[in-house]
Number of protein chains: 2
Amino acid sequence: MESYIMSLIAVANKPGMISFATGLPDKRLFDVKGLKEAASDVLDEKGGDVLQYSNTEGLLSLRQKIADRCQKELKFKTSPENIFITNGSQECFDHLGKIFLDPGDGLVVENPGYLGALQSFSVYSPKFSGVDLNSDGPDMTQLSEFIKEDPKLFYSIPNHQNPSGVSYSLESRKQVAELADGNECIMVEDDAYGELGFKGRLPAVRSMSENVILTGSFSKIISPSMRTGWMVVPDEMTEEIRTSLEAACLHANSFSQAVLDKFLEKNDLNAYLKPIRAEYERKCKLMLDLMEDSLPDSLTWNEPEGGMFVWMKSPEGTNAKKLFEAALERKLVIMPGHPFHVRGGENTIRLNYATASDEDMKKGMSILAKACSDVF
Amino acid sequence: MESYIMSLIAVANKPGMISFATGLPDKRLFDVKGLKEAASDVLDEKGGDVLQYSNTEGLLSLRQKIADRCQKELKFKTSPENIFITNGSQECFDHLGKIFLDPGDGLVVENPGYLGALQSFSVYSPKFSGVDLNSDGPDMTQLSEFIKEDPKLFYSIPNHQNPSGVSYSLESRKQVAELADGNECIMVEDDAYGELGFKGRLPAVRSMSENVILTGSFSKIISPSMRTGWMVVPDEMTEEIRTSLEAACLHANSFSQAVLDKFLEKNDLNAYLKPIRAEYERKCKLMLDLMEDSLPDSLTWNEPEGGMFVWMKSPEGTNAKKLFEAALERKLVIMPGHPFHVRGGENTIRLNYATASDEDMKKGMSILAKACSDVF
């Protein structure tokens, strides 16, 4: 599988380049002042202790806050004993692959699915099955068939999926939970975007089945550079997860954990998130309006209800890579959708509305319109 | 292999417990004020950019500083392109295991060797060969024999080894480098303690052979909670290392990287390290004096020239685990040496002189003396 993510970040960072390509949140929304205070506070209060080695599981008070959040917002009860802090939620996929996947083992993924996780799991050479996504969740006929083949894991993003923006309906969540309950196959529920819904959120699949490992992250809502994610795992897996994390890195960055914990102590998360969600909703609408005004009728797209991405399709049979190349020549980076797929997707493109400023979004969309004229 | 490290940290953190057991540096030596200023400075200067996603390789200016340090102190020339920042140097071992070791592949380790690395490599089920350590380096006859069996890696700590405190002599380094040059087997040179020599340092084995991957860390000298380590790898491996790191966690914590980079910009590392080395030398001497005064003649130990550990032996045929248990009952934690070994070592114990305060060291040594009376 091609290594797109980081190379696109590198290209997108070049001077003069506008990017709709990466999964970067809007850096203008980071609370620089609040995090500076939190860092200063923990160093004042804890001194050398906060700079010392820590435990593999992660900071207890932070895990308690995550457990509380799970109960309040994701609608399931868990405890800090079931929560492990990781170097971003990306690290969860590496460990789940390492623990559960031997070469040739079945792994069901969404088609399209999150590229970073596909890359992470690929290292363990599983047999990928890609379940197509409808507008309200996975194709249940396909998913049931795949589950019959006894895969080890089903990896999914039920909220504002990266790349497609699809969210599972309540009915779809129930059906997926029923499948998880009735089979050995463990569901990995990646909730990286769950806090970024414009209209609230539905309960996690984890609230309907215990055969689920839920992963989460502060990257999209507070800061990605602090690489702090987590997973919530069933009782019987805690020892194996702990051992695997310890062997790989002893523990995740506990200075950042303490800073985030302090930040959450001083800020009500819902109050903090309200303007962030509103800003993403505004930017999403801006991008959709610009697309409506500038792009040819032959292109279609969805209307996201959260997250960071618009999912665009050029006509069947066309190859979106050409549009990518035409845009790149004009200094706009967009993300071809093909690499997110186990099969198909040549005519898809992912556009990020979170990263760019309003001005860059307008400039970028005008470039994209010209690139469309070049190609179609 | 038993998972000692983190469980001992957990025990050692219990109230009223004195610990000589873990590998924790002295938290009184962390520059809390300096790191607080550095964190504050990078947030003021870089704002949201320092909280955003970053590149897999790590912060360029920090990698440049590490390259400069390699040239100045470790006596070999390298460039930022060959350096990768990781979540502590522990993460290097996981990736090197993942990339180089298939089940049954040969891995030569020191006997005794660093337990954390042994645990990390164990995940990939190599065939371990343990080369005994003399007071000036590995037993070269054994090492030559093992290398003939075409192992993939030879993992070693040439400076102030954890657990034994052994440092390779210049002659020993030359011999090891010659072996590395003449064979496919890659040497992994773990330099976690290289900056903590009481009497300066010898050139790295990497300065004498290019068939070496060198790993380093800020954990022992600035802060372990910031989990910032690195590896210096040959040109032909950079792409594979980069891909492996990206798949596992996208990139290491770049907020901590920026804080450490700023700290190093504002502090001359040698000037900063001078009092730290002096304090460890003082504490080492204090522990040795206390041991001399309190412990029975049947116990022997080395005189470390750096690092954090004294390596103690009870008479051949005795089991140090009994001493461990007797000490634990009296609320002192010591580290049995057996788990560091591929074979033997039942009569060995590792004592850390860095963690405890002077007062605790005195109390702890008096407990150890009583535990010796209980057992021997």
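Predicted model: local features only at pLDDT ≥ 70, side-chain atom pairs only at ≥ 80, totals over all residues.
In strand 7 of chain A, which residue is the bridge partner of A:Phe154? The bridge partner of A:Phe154 there is A:Met187. In chain A, the secondary structure amounts to 12 helices and 14 strands. Its radius of gyration is 20 Å, close to the 21 Å that the globule rule gives for 376 residues, so chain A is as compact as a globular protein of that length.

**Overall form of chain A**

- Taken along the principal axes, the box filled by the C-alpha atoms of chain A is roughly 60 × 50 × 35 Å.
- Buried residues make up 56% of the 376 residues of chain A.
- Among the contacts in chain A with a separation of 6 or more, 75% are between residues 24 or more positions apart.

**The sheet of chain A**

- Chain A holds an open sheet of 8 strands, and its pairing is mixed.
- The order of the strands in this sheet is 2-9-8-7-6-3-4-5.
- At the edges stand strand 2 (83-87) and strand 5 (137-138) of chain A, each of which pairs on one side only.
- Strand 6 (residues 153-156) and strand 7 (residues 186-190) of chain A run parallel and are joined by 4 bridges.
- The pair that opened this briefing, A:Phe154 and its bridge partner A:Met187 in strand 7, belongs to chain A.

- Strand 7 (residues 186-190) of chain B runs parallel to strand 8 of chain B, and 4 bridges join them.
- One residue pair between these strands is B:Asp190 with its bridge partner B:Thr215 in strand 8 of chain B.
- Strand 8 (residues 212-217) of chain B also pairs with strand 9 of chain B, in the antiparallel sense and over 4 bridges.
- Across this pairing, B:Ser217 stands opposite B:Gly229 in strand 9 of chain B, and B:Gly216 stands opposite B:Trp230.
- Strand 9 (residues 228-232) of chain B is likewise largely enclosed by the rest of the structure, because 5 of its 5 residues are buried.
- From strand 9 of chain B, B:Thr228, B:Trp230 and B:Val232 point one way and B:Gly229 and B:Met231 the other way, and all are buried.
- Strand 2 (residues 83-87) of chain B pairs with strand 9 of chain B in the antiparallel sense over 5 bridges.
- In that pairing, B:Trp230 of strand 9 is the bridge partner of B:Ile85.

**The two domains of chain A**

- Chain A is divided into domain 1 (4-31 + 271-375) and domain 2 (52-266).
- The centres of these two domains, taken over C-alpha atoms, are separated by 25 Å.
- Their contact takes 27 residues from domain 1 of chain A and 25 residues from domain 2 of chain A.
- On the side of domain 1 that touches domain 2, the elements giving two or more residues are helix 1 (4-12), helix 10 (269-294), strand 11 (309-313) and strand 14 (348-352) of chain A.
- Helix 10 of chain A provides the largest share of that side, with 5 residues.
- By class, that side of domain 1 has 14 nonpolar, 8 polar and 5 charged residues.

**How chains A and B meet**

- Chain B is superposed on chain A by a rotation of 180° with 0.0 Å of shift along its axis, at an RMSD of 0.0 Å.
- That is the relation of a two-fold axis.
- The contact takes 49 residues from each side, chain B and chain A.
- On the side of chain B that touches chain A, the elements giving two or more residues include helix 1 (4-12), helix 4 (90-100) and helix 8 (238-249) of chain B.
- The largest share of that side, 6 residues, comes from helix 2 of chain B.
- The residues of that side comprise 21 nonpolar, 20 polar and 8 charged.
- The copies meet through the same surface, because 100% of the interface residues of chain B are also interface residues in chain A.

Terms used: Residues numbered from 1 in each chain as written. Chains lettered and ligands numbered in written order. Rg over C-alpha atoms; globule rule 2.2 N^0.38 Å. Buried ≥ 20, exposed ≤ 12 C-beta atoms within 10 Å, placed from the backbone. Contact = placed C-beta atoms within 7 Å. Least-squares fit on C-alpha atoms with pLDDT ≥ 70 in both. Nonpolar A, V, L, I, M, F, W, Y, C, P; charged D, E, K, R; others polar. Pairing = 2+ DSSP bridges. Domains from an automatic or database assignment.
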